[in-house]
Amino acid sequence: MAKEGVEKAEETEQMIEKEAGKEPAEGGGGDGPHRLGDAQEMRAVVLAGFGGLNKLRLSRKAMPEPQDGELKIRVKACGLNFIDLMVRQGNIDNPPKTPLVPGFECSGIVEALGDSVKGYEIGDRVMAFVNYNAWAEVVCTPVEFVYKIPDDMSFSEAAAFPMNFVTAYVMLFEVANLREGMSVLVHSAGGGVGQAVAQLCSTVPNVTVFGTASTFKHEAIKDSVTHLFDRNADYVQEVKRISAEGVDIVLDCLCGDNTGKGLSLLKPLGTYILYGSSNMVTGETKSFFSFAKSWWQVEKVNPIKLYEENKVIAGFSLLNLLFKQGRAGLIRGVVEKLIGLYNQKKIKPVVDSLWALEE
């Protein structure tokens with residue numbers, strides 16, 4: 001999506017707020033709650049089947065109610081990330097059955113509390129992780145995945161905050177142990193995680209950031225990345241020309257032949273982290289050819305070679321850590337640290353563009 005100017009973004013946000021506040025018209029029109037049989041209904045974006053954009057529909061669904069330990073949130077904004085594109089194409093491990101409501105992060109206002117919920121009140125401004133279903137007017141999610149929004153953070157910023165900044169923070173500080181004077185190579189530096197990585201690196205003295213990105217994104221991110229390369233250039237030679245030893249940390253969301261390149265750039269005791277596989281997703285729909293091509297381009301990792309070269313290879317999936325591996329407590333601690341950095345004005349979510357639900 002093209003980045004919008006401040007005036008246009010503010011205008012769009014005001015339009016969304018205005019639409020959300022309309023009174024329902026007679027006969028079930030409008031944007032407020034409606035009746036579906038004996039239950040209220042809401043609007044949601046539904047993925048009818050895996051494939052292209054034509055598989056997405058704006059539909060009405062029964063409004064959820066909070067179960068024990070859950071919060072009900074009136075959504076003001078929800079995030080759109082690369083993982084959502086992978087879900088749409090069915091390009092993830094064990095995808096759920098369709099139809100489904102996509103989306104893993106949102107911001108909004110607490111509307112109801114389930115039994116045993118403590119620490120929150122109706123009316124609180126919050127951001128949350130959701131195990132699907134974020135692209136809807138109302139969501140319910142367990143309290144351990146919900147966080148209060150700082151007073152001066154907008155709903156749109158809050159919806160762009162959890163996935164990108166938590167992913168970047170955990171990789172840099174929990175997995176790779178970023179310290180003063182280190183160097184980092186991050187792919188897709190113009191994306192949400194890439195920009196979060198650059199901002200977090202700036203909080204540590206003398207960290208050098210190498211980034212790859214599409215040429216049209218260079219102007220917007222050139223001030224946050226120390227050395228910026230076109231994603232189609234021979235970045236291995238460019239990095240080695242600047243730093244003959246290579247880099248301390250490689251953050252790879254591309255996979256394919258970039259895996260071998262990233263490992264070759266690591267210094268001794270360096271860490272390579274794979275956190276995505278965007279090279280396996282091309283075009284409007286899933287391509288088994290591009291998937292197979294990227295898979296075969298992945299350099300086979302020899303543990304003996306890692307031992308001999310003193311290199312570390314790791315993987316990171318935030319959603320698995322949260323929803324499958326039960327590390328919500330760890331992530332809450334990370335969010336608290338990030339909110340502290342936000343309050344100190346050291347980091348700030350970047351909102352690429354705003355879209356109404358119908359779009």
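Buried means under 20% relative accessible area, exposed means over 50%, and partly exposed covers what lies in between. In this predicted model, Lys222 has a relative accessible area of 42% and is therefore partly exposed, whereas Glu219, with a relative accessible area of 56%, is exposed. Glu219 and Lys222 form a salt bridge with each other, and the closest N and O atoms of this pair are 3.0 Å apart.

## Salt bridges in the model

The salt bridges come to a count of 12. Some of them share partners, and in this way Glu65, Lys72, Arg74 and Glu111 are joined into one network.

## Links between distant parts of the chain

A salt bridge is also formed between Asp152 and Lys345, where the closest N and O atoms lie 3.8 Å apart. This pair links distant parts of the chain, for Asp152 sits in the loop between strand 8 (146-148) and helix 3 (155-159), while Lys345 belongs to the segment after helix 12 (328-343), 193 residues apart. Asp152 is partly exposed, with a relative accessible area of 48%, and Lys345 counts as exposed because its relative accessibility is 67%.

Lys348 forms a salt bridge with Glu157, and here the closest N and O atoms are 2.5 Å apart. Because Lys348 lies in the segment after helix 12 and Glu157 lies in helix 3, the pair ties together parts that are 191 residues apart in sequence.

## Packing of helix 7 and helix 8

Helix 7, which covers residues 235-242, packs with helix 8, which covers residues 258-265, at an angle of about 10 degrees, and the axes of the two helices are 10 Å apart. Since angles under 35 degrees count as roughly parallel, helix 7 is therefore described as roughly parallel to helix 8.

On the side of helix 7, the contact is made by Tyr235, Val236, Val239 and Lys240, and on the side of helix 8 by Asn258, Lys261, Ser264 and Leu265.

Note on methods
Residues are numbered from 1 along each chain as its sequence is written. This is a predicted model: local features need pLDDT of at least 70, side-chain atom pairs count only at pLDDT 80 or more; totals for chains, interfaces and linings use all residues. Side-chain values use heavy atoms; hydrogens and water are left out. A salt bridge is a side-chain nitrogen of Lys or Arg within 4 Å of a carboxyl oxygen of Asp or Glu. Helices (H or I, at least four residues) and strands (E, at least two) are DSSP runs, numbered from the N terminus. Buried means under 20% relative accessible area, exposed over 50%, partly exposed in between (1.4 Å probe, protein chains only). Axes are lines fitted to C-alpha atoms, for helices over the stretch in contact, and angles run from 0 to 180 degrees between N-to-C directions. Angles under 35 degrees count as roughly parallel, over 145 as roughly antiparallel, 65 to 115 as roughly perpendicular and the rest as oblique. Contact means heavy atoms within 4.5 Å.
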